[in-house]
Amino acid sequence: MKPIHRRAVQFGIACFSALLIAGFATSMGRAEPTSDRYPANGGEIVVTPIKQASFVLLSPRHPDVDAWIGDGAREELEQMRSGGWERSARDARAVPVVDTGSSVGGPAGGELPVFVSPLVDARFGPTAALGIPAVDEADAEIAARMDRAPHPVEVGEGEEPPAAPPVQGARGAVHYRANDFSISRQRSWGTPIPVIHCDEHGPVPVAEADLPVVLPRDIRPTGEGNPLAERPDFVDVACPVCGKPAKRETDTLDCHFDALWLWVPAAVPPEDRAEQMFTHPDLREWLPAERLVAGGDSGGFVFDQRIVTKALRDIGPFAFIEDGEPFAGCLFHEMVIADGRKMSKHLGNVVDPDELVARYGADTVRFAVLYAAGPAKTLNWSDGAVRFANRFLRNLWTYSQDRFVALEEHNHDPEAAADTEHLRDRLRKWSENGFEKITEDTAELQMHKSLRNITRLFERIQDFEKRVVKRRGQLGRADAEAQVAALVLLARTLVPFAPHTAEALLLASGRVDPETLGEWPERAEIPVAFEDPAPAGT
């Protein structure tokens, strides 16, 4: 077996070969049967043949747009390119539109005028689209503004427009909705690209025997240019083909590329990763991963991870993953915003978590972030969530510690125990229902719901005590035992959210084995009936 760096780099380069490109056909949004190339202006224009179309809209960034624009409209085109169109300007009546004066044969016969508008960029990218006023309000607004736009043919409800005659010279077109992305970066960190540039032979792959390429460990960035390019000991090498002086590639692979298989090492024992990263038998047990949690802007990133997994399946190493999916489920969480904008260093609106931790503690900050909003909702940051979390944890700490200490002070009164048994049974039901909801929400990663149910269960425990005191004047031993059991249950469900506070409470209760502090309880066990403790020595 070869070192993992060698295999990873080789696969990284190969995964964009013909084998993987063949697998992109459906995954990249390939739109094969629905588009045609229409001859026009000495070239071609790709549009989707829809019978109700009344005009063609070109993006001002379309590669062939200059061939369609006459001299009279060229100045308007340049203004459109430089000024663009604000995406927030949703009113189609305000969108700039330029009439090219040209037309193209339409799918339903006749000629369709060709217009240019940045509306295409906002909706489809730098391409061409058909304007269909009959079904699209924005297209109807544009058609009403432009003199050359014909009125759509009206058909009765449930009727189909007349069949479209073929357009002379039209042929099928294939295009993709996914855009290309660069995998290289001009920086001194990242996986080296194993390519050597030779004046005679051009780009030459590094010989397998010389892999992996290792970056210099003593780089000192200056802030100007790529430090790797300034290192002759790294750059100057011999061509693997002719042996003449050549230059090593100084770009490195983007971290996006490196992370295309980032979940795989977690399924392989550390000591075996160098030799069996993609072949270790444990992979069959752990993959696919149960859940991926990523930011709401990570859809394209996960898309690429899925493509690589499918390629590994087709190549062979991951043949045991039949559907080629790396994750059994995904959760894309939204962003944290402040002052109406996404938190970002360059915007200067980032809240320093270190300062919050120093002031309130890690448990409070963790609790506040998870409590404030669901993963599918944008979190508009405010200190209110932090103050609430801090207040709740302090109240829970003080309340629980006092009840743990006072437990042994309560005496058993059979009459009182019988009188409040229905209240303990009510506490049991509250605890069981709360625990069931917390478990379900946590399993679904709905942490905000889990924490709301935790706070609600704490309120129920406090309410139980108030009801007993109102009825009997004080808690009996049976009531105190039930209350402590409920507080221990509450602390155990709190471990994933405020681990320091929760584990300290569990240890203080004296009812949990220190070796099992992090284990999720199997059920809610709240004692309702009470029996006297056995006398000492029996």
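Helix α5 (residues 137-145) lies across β3 and β6, at about 105° to β3. Helices (H or I, at least four residues) and strands (E, at least two) are DSSP runs numbered from the N terminus, and angles, from 0 to 180 degrees, are taken between N-to-C directions of axes fitted to C-alpha atoms, for helices over the stretch in contact. Contact means heavy atoms within 4.5 Å.

The model is predicted: local features need pLDDT of at least 70 and side-chain atom pairs pLDDT 80 or more, while totals for chains, interfaces and linings use all residues. Residues are numbered from 1 along each chain as its sequence is written, and side-chain values use heavy atoms, without hydrogens and water.

**Sheet**

An open sheet of 4 strands is ordered β4-β5-β3-β6, with mixed pairing; two strands pair if DSSP finds at least two bridges between them. β4 (98-105) and β6 (128-131) are at the edges with a single partner strand each, so one side of each has no neighbour in the sheet. Strand β3 (residues 55-58) pairs with β6 in the antiparallel sense over 4 bridges, and L57 stands opposite A129 in β6.

**Nonpolar cores**

A nonpolar core is a set of buried Ala, Val, Leu, Ile, Met, Phe, Trp, Tyr and Cys residues joined through side-chain atoms within 4.5 Å. Buried means under 20% relative accessible area (1.4 Å probe, protein chains only), exposed over 50%, and partly exposed in between.

| Core | Size | Residues, among them |
|---|---|---|
| Largest | 50 residues | F367, L427, I454 |
| Another, apart from it | 23 residues | I193, L253, L287 |

Beyond its neighbours within four places in sequence, F367 is in contact with residues including F388, F392 and L494.
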